[in-house]
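Try each task before reading its solution.

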Amino acid sequence: MILVTGGAGFIGANFVLDWLAQGGESVINLDKLTYAGNRESLSSLDGDARHIFVQGDIGDSALVERLLREHQPRAVVNFAAESHVDRSIHGPAEFIETNVLGTFRLLEAVRGYWDGLPDSAKKAFRFLHVSTDEVYGSLAQQDPAFSENNRYEPNSPYSASKAASDHLVRAWHHTYGLPVLTTNCSNNYGPFHFPEKLIPLMIVNALAGKGLPVYGDGMQIRDWLYVKDHCSAIRRVLEAGRLGETYNVGGWNEKPNIEIVKTICSLLDQLRPRADGKSYSQQITYVTDRPGHDRRYAIDARKLERELGWKPAETFETGIRKTVQWYLDNPAWVQRVQSGAYREWVERHYQQGQAKVA
C-alpha cells in the first residue's frame, strides 16, 4: 500500500487513476479538498476497495500519524501543494502554510513512522516529493535547459514556497537519513486540469464564447508535459530512483504561450467549429502581464532517461489533441468544477488591463 497526498488535485488524481489502472497496490488518498481538489475526478474509483479516500490536511500531524500507523504504507508520494502562481501573488500566506509548514509536518510524521519500522521495511520505504521547475527561476532565450545542478532562483511566492519544501526534503535525508526522492516537473496538461491554468482556461473560455486572455506579448516559453507521462515518470523514480537524488521530468516541448493558444483554437476549429464559421482565434485578447512573470522554463530530462530509461510517450501534438477532446467529452465535469467563487476570481483577476484584441 502507498499513501498519496493531494491525490484529488490535477496531477495527483491522474496519478492515482493511472497507478490503479496499472495494477499497483492499494492507495490511501489524503486530500484537503481545497478549491482545486475535486473528489469527482476520482468518481470512477467509487466502490473500488483499493482506493481509500481521506479528507484531511498534510499539516494535521495527528491524522497523518494515525493513517501511517493504521495502514503501514511502504511509500509516500507527496503531491499536496498550493500551485497557482497568480493566486500566490494575491494571497501568499496559504502557500507558505501548505507548501512549507505542511511539508515540514508531513516529513516529521513520516520520519517518526519510518524510524519505528522493522529493518527490512525501513530499507524498502520511500518518500517521493513532487515539485516544479519553477524553483530554478527563469531562463534567457539562449540559456541551456534546467538540469538538476541548476541553482534555485525562485521568483514568485509559489515557487519560493516549493523551493523551501524541496530544501526541507533534502535536509531530512541528509540529517535524518529519511529515504527521499524528488522530482521537478515542467508544465503539466491533460484531463482533470482545474480551468484556471492556461490550457484548460483557453478551452473552456473558447467554448463559452469568452475572451482568451494572454499575458503580455504571449511569448513566455514553457516546456509542456502530458500528465500521464508525468505519472509514468513518478512510477519509475519510485521504483528505481537513487536515494536523495532529484530527477527533472520534462516533455521536450518548449512552446511560447501564444502558440499554445493558437494550437488550441485550431483544434477547436476542427473538432467543435463555431456556429458563425469564424476561428476561435478571434477571441484572443492580450492582458497586462503579471508581476515578475518568468520568461522561459525548459527542462533537461536526460538524467531520468540515462539512469532510469524514462522518456515521454506523447508529443505535444498528440497530447494536446487528447486534452482538447477530453474537455469536449466531459462538459459536466467542467460545469460542476466551476463554482461561482471560481468564476468571480477569474473575472476579477483578468478584468484589469484588457488592452487589445488579436
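**Exercise 1. Find which side chain makes a polar contact with the side chain of Asn-29, then describe the surroundings of Asn-29.**

Step 1. In this predicted model, the side chain of Asn-29 makes a polar contact with the side chain of His-51, at 3.2 Å.

Step 2. Asn-29 belongs to strand E2, residues 27-31.

Step 3. The relative accessible area of Asn-29 is 0%, so Asn-29 counts as buried, the cut-off being under 20%.

Step 4. List the neighbours. Leaving aside residues up to four places away in sequence, Asn-29 touches residues including Val-4, Val-16, Leu-42, Ile-52, Phe-53 and Val-54. His-51 and Gly-7 are also among the residues it touches.

**Exercise 2. Work out whether the faces of strand E10 are covered or open, and name the bridge partner of Thr-183 in E10.**

Step 1. Recall that side chains in a regular strand alternate between the two faces of the sheet.

Step 2. Sort the residues of E10 (residues 246-249): Thr-246 and Asn-248 lie on one side, Tyr-247 and Val-249 on the other. These residues are all buried, and both faces are covered.

Step 3. Turn to the pairing. Strand E6 (residues 180-185) runs parallel to E10 and is joined to it by 4 bridges. Thr-183 has Tyr-247 as its bridge partner.

**Exercise 3. Describe how helices H2 and H4 pack.**

Step 1. Two packed helices are described by the angle between their axes and the distance between the axes.

Step 2. For H2 (residues 61-71) and H4 (residues 93-115), the axes come within 9 Å and cross at roughly 35 degrees. The crossing is right-handed.

Step 3. Name the residues that meet: Ser-61, Val-64, Glu-65 and Leu-68 from H2, with Arg-105, Leu-106, Ala-109, Val-110 and Tyr-113 from H4.

Step 4. An α-helix has 3.6 residues a turn, so residues three or four places apart point the same way.

Key: Residues numbered from 1 in each chain as written. Predicted model: local features only at pLDDT ≥ 70, side-chain atom pairs only at ≥ 80, totals over all residues. Heavy atoms only, no water. Helix = DSSP H or I, 4+ residues; strand = E, 2+ residues; numbered from the N terminus. Buried < 20%, exposed > 50% of the residue type's maximum accessible area, 1.4 Å probe, protein only. Polar contact = N/O pair within 3.5 Å; in protein donor to acceptor, adjacent residues only side chain to side chain. Contact = heavy atoms within 4.5 Å. Pairing = 2+ DSSP bridges. Axes fitted to C-alpha atoms, helices over the stretch in contact; angles between N-to-C directions. Left-handed = near helix turned anticlockwise from the far one by under 90°.
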